[in-house]
Amino acid sequence: MSNGGDYNPPQNTQVSPQAQQWFAMVDRDRSGKINSEELQSALINGRGQKFSDNACKCMINMFDDHASGTIDIYEFEKIYNYINQWLQVFKTYDQDGSGHIKEGELTQAFTQMGFALSPEFINSLVKKIDPNNKEVSVDQFIVLCVQLQCLTEEFRQRDTQQNGTITISYEDWLEIAIRNHII
Ligand code: CA
């Protein structure tokens with residue numbers, strides 16, 4: 001919903017000026033909220049392409065504390081910070097600046113980010129993404145991070161004893177899959 005010419009971008013001293021600037025650019029219809037389409041048109045990956053629908057919806061869902069399908073400036077700043085952190089990690093391991101990282105570098109990157117994933121699991125991920133070169137591009141990396149973050153968060157909420165194991169009902173499992181656009 002546009003409120004015409006009297007739009008005032010949300011201002012708050014708790015939100016960094018960079019995130020406020022970004023928010024104002026991304027919020028094209030000046031509704032004060034960002035939906036997944038707006039996010040998608042704002043995020044350009046390393047090769048000048050947009051992130052997928054799924055990745056953008058997943059990001060919105062992940063940070064949408066109010067289940068509104070949109071994010072406000074506070075939620076946006078969290079996404080903004082995550083993406084910047086992820087890009088920073090990617091750059092650390094993409095030492096030749098090719099925009100791609102190899103399987104071993106991906107393993108190191110995930111370890112640095114606190115995802116405890118076995119080499120076997122990462123091997124199967126990379127094979128699925130790029131069967132020939134076994135490399136991951138910057139946008140594929142961001143999408144992976146979003147999906148891992150979303151699914152890890154779902155898991156953590158259920159892993160009440162924090163022992164790395166959850167018991168899940170069939171329908172709860174399906175709901176996770178739907179919420180995270182796996183099915
Ligand atoms: Ca908007």
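Guide: Lys102 counts as partly exposed, at 43% relative accessibility. This model is predicted.

Visitor: Which residue forms a salt bridge with Lys102?

Guide: Look for a side-chain nitrogen of Lys or Arg within 4 Å of a carboxyl oxygen of Asp or Glu. Here the partner is Glu135, with the closest N and O atoms 3.2 Å apart. The pair links distant parts of the chain: Glu135 sits in strand β4 (residues 135-137) and Lys102 in strand β3 (residues 100-102), 33 residues apart.

Visitor: How many salt bridges does the rule give?

Guide: The count is three. Glu154 pairs with Arg158, with 3.1 Å between the closest N and O atoms. Both lie in helix α7 (residues 138-158), four residues apart, about one turn of the helix. Glu154 is buried, at 9% relative accessible area.

Visitor: What else does Arg158 pair with?

Guide: Asp172, where the closest N and O atoms are 2.8 Å apart. This pair also links distant parts of the chain, with Asp172 in helix α8 (residues 170-179) and Arg158 in α7, 14 residues apart. Asp172 is partly exposed, with a relative accessible area of 21%. Shared partners join Glu154, Arg158 and Asp172 into one network.

Visitor: Where is Glu75 found, and is it buried or exposed?

Guide: Glu75 is found in helix α4. Glu75 is buried, yet has no salt bridge. The nearest side chain of opposite charge, Lys33, is 5.8 Å away. Beyond its neighbours within four places in sequence, Glu75 contacts Phe63, Asp64, Asp65, His66 and Thr70.

Visitor: How do I read the faces of a helix?

Guide: An α-helix has 3.6 residues a turn, so residues three or four places apart point the same way. In helix α1 (residues 17-26), Ala19, Gln20, Phe23 and Val26 are buried. Down the axis of α1 they fall within an arc of 130 degrees, so they line one face. On the other side, Pro17, Gln21 and Met25 are exposed. The cover over the buried residues includes β1 (34-35), α2 (36-42), β2 (70-71) and α4 (73-93).

Terms used. Residues numbered from 1 in each chain as written. Predicted model: local features only at pLDDT ≥ 70, side-chain atom pairs only at ≥ 80, totals over all residues. Heavy atoms only, no water. Buried < 20%, exposed > 50% of the residue type's maximum accessible area, 1.4 Å probe, protein only. Helix = DSSP H or I, 4+ residues; strand = E, 2+ residues; numbered from the N terminus. Arc of directions from axis to C-beta. Contact = heavy atoms within 4.5 Å. Lys, Arg positive; Asp, Glu negative; His and termini not counted.
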